[in-house]
Amino acid sequence: MLFKVHHRTEYIYSKPITNNSNELRLTPPSTGSQKCLSSYISVLPATRLRSYVDLNGNRVHHFEIPRPHQRLTIDCFSTIETRPTLDINALPYGSQHKELPQCALLENCHHYLQSSSLVEITPGTWKCALDIQDDSVDVFQTSCSIMEFIFENYSYDPDSTTVNTHANEVVEKQTGVCQDFAHAMTALCRSIHIPTRYVSGYFFDATHDRVLRGASVSHAWIEVYIPHAGWIGLDPTNNKVVDETYIKVATGQDYHAVAPIIGSYYGGERSGLLVSVEVDRV
């Protein structure tokens, strides 16, 4: 599939501000499941962007605007080709929980077994995960059971949480949005030693009737590491195995590591924020 994505963010300030410094994680990477054909970021007021790759392998753009301004507009235009990496009739069953201790020795997994700023491994999450696991000994089966549990029992409520809501609160109250569901699943999976990373990006609702939640905004899901299969994407918000309708942008321990825009400035308060995402199939 070929997609064009336009992600626009507009900040409006109550009075002119200065020294506006920002990090952007908006550029989709080329991976085994997708190829970024082009990506362009525009910032107004105009400024120079510098880029680097962070510790999670994400492309980051950084800019500073020292002069006074009262509005900031950031546009990212990307063209991405996606391809299926999983055969729905040959899902990665067969890896057992007794194999998971070896994952802690892998460099690309150890980081994603630890607690982080928004995801904490606690006795409560561990007990909840064990209850969901029941008698399953298959890692992929357990992961899907956790995904299904969140989908069936958690309420989707955009007004119930913020970007700083902790996974423990989500597990307790069982409400939130895609970011919260991804944090909850991350906490539950990590608590039973399944390496899990948080993913930000977009997806295209092929049903065209908005049955799927999160299609019109930035989306979040998780990837679990399955021995012998690698990283597999699961979307607890929609109870789906990630396929070619998903576009990955960044991965990390939690939202703080992949936030599309992080910044600081001096001066007046922010009086307005407008965010729009368009994902069109070409």
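Predicted model: local features only at pLDDT ≥ 70, side-chain atom pairs only at ≥ 80, totals over all residues.
**E1, its partners and the pockets**

Me: Which strand gives the most to the lining of the largest pocket, and with how many residues?
Reply: A strand here is a DSSP run of E with at least two residues, numbered from the N terminus. A pocket is an open set of points on a 1 Å grid over the protein atoms alone, where a 1.4 Å probe fits, with protein on both sides within 12 Å along at least five of seven lines, and lining residues have an atom within 4 Å of a point. The top contributor is E1, with 6 residues.

Me: Which residues lie nearest the centre of the largest pocket?
Reply: The lining counts 44 residues in total. Strands giving two or more of them include E1 (2-24), E8 (196-203), E13 (261-267) and E14 (270-281). Nearest the centre you'll find Val 163, Gln 179, Tyr 255, Pro 260 and Val 275.

Me: How many bridges join E1 to E5?
Reply: Strands pair if DSSP finds at least two bridges between them. E5 covers residues 69-82 and runs antiparallel to E1.

Me: Over how many bridges do E1 and E13 pair?
Reply: At Leu 24, the residue standing opposite in E13 is Ile 261. The pairing of E1 with E13 is antiparallel, and its bridges number 6.

Me: Which residue of E4 is the bridge partner of Glu 23?
Reply: E4 takes in residues 59-65 and runs antiparallel to E1, with 5 bridges between them. For Glu 23, the partner in E4 is His 62.

Me: Now the second largest pocket: which elements give two or more residues to its lining?
Reply: Its lining has 23 residues. Ser 33, Thr 85, Trp 231, Gly 233 and Val 242 lie nearest the centre of this pocket. The elements giving two or more residues to the lining are E9, E10 (230-235) and E12 (246-252).

Conventions
Residues numbered from 1 in each chain as written. Heavy atoms only, no water. Helix = DSSP H or I, 4+ residues; strand = E, 2+ residues; numbered from the N terminus.
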